[in-house]
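Here is a short briefing on one protein. Look at the sequence and the structure first, then read on.

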Amino acid sequence: MATNLKLDDKLIEEAMGLGGHKTKEAAVNAALAEYVSRRSRLRILELEGKIDFAPGWDYRKMRGK
């Protein structure tokens, strides 16, 4: 999807250098992928206190071994 964005030139150049990206598009796509991945992982913190811990649970029984 073609999109026009006003980007900070210094920031995009730094991102391109750090990531070894040859184009602004590659740098932005990598940055977006990293952002989505990080935010998705942070959502696990919302589960704190909501999952019961069973100290005697044997995961091997669930596998059928």
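Is A31 buried, partly exposed or exposed? A31 is partly exposed, because its relative accessible area is 45% and the cut-offs are under 20% for buried, over 50% for exposed and in between for partly exposed (1.4 Å probe, protein chains only). This is a predicted model: local features need pLDDT of at least 70, side-chain atom pairs count only at pLDDT 80 or more, and totals for chains, interfaces and linings use all residues. Residues are numbered from 1 along each chain as its sequence is written, and side-chain values use heavy atoms, with hydrogens and water left out.

**Overall build**
- The protein has three helices and zero strands. Helices (H or I, at least four residues) and strands (E, at least two) are DSSP runs, numbered from the N terminus.
- Along the sequence the pattern reads α-α-α.
- The radius of gyration is 21 Å, whereas a compact globule of 65 residues would have one near 11 Å. This radius is taken over C-alpha atoms, and the globule rule is 2.2 Å times the number of residues to the power 0.38.
- The C-alpha trace spans about 55 × 25 × 25 Å along its principal axes.

**Surface**
- Of the 65 residues, 5% are buried.

**Helix α1**
- Helix α1 covers residues 9–19. At its start, a side-chain oxygen of D8 comes to within 3.0 Å of the backbone nitrogen of K10.
- G20 follows α1 and has a positive phi, near 70°.

**Helix α2**
- A31 sits in helix α2, which covers residues 24–42.
- A31 and E13 are 18 residues apart in sequence and 13 Å apart in space, C-alpha to C-alpha.
- K24 also lies in helix α2. K24 is partly exposed, with a relative accessible area of 41%.
- K24 and R43 are 19 residues apart in sequence and 29 Å apart in space, C-alpha to C-alpha.

**Largest pocket**
- Residues lining the largest pocket include M1, L5, K24, V28 and L32. On a 1 Å grid over the protein atoms alone, a pocket is an open set of points with protein on both sides within 12 Å along at least five of seven lines; lining residues have an atom within 4 Å of a point.

Notes:
On a 1 Å grid over the protein atoms alone, a cavity is a set of points where a 1.4 Å probe fits but cannot get out, and a pocket is an open set with protein on both sides within 12 Å along at least five of seven lines; lining residues have an atom within 4 Å of a point. A polar contact is a pair of N or O atoms within 3.5 Å; within protein, one must be able to donate a hydrogen and the other to accept it, and residues adjacent in sequence count only if both atoms are side-chain atoms.
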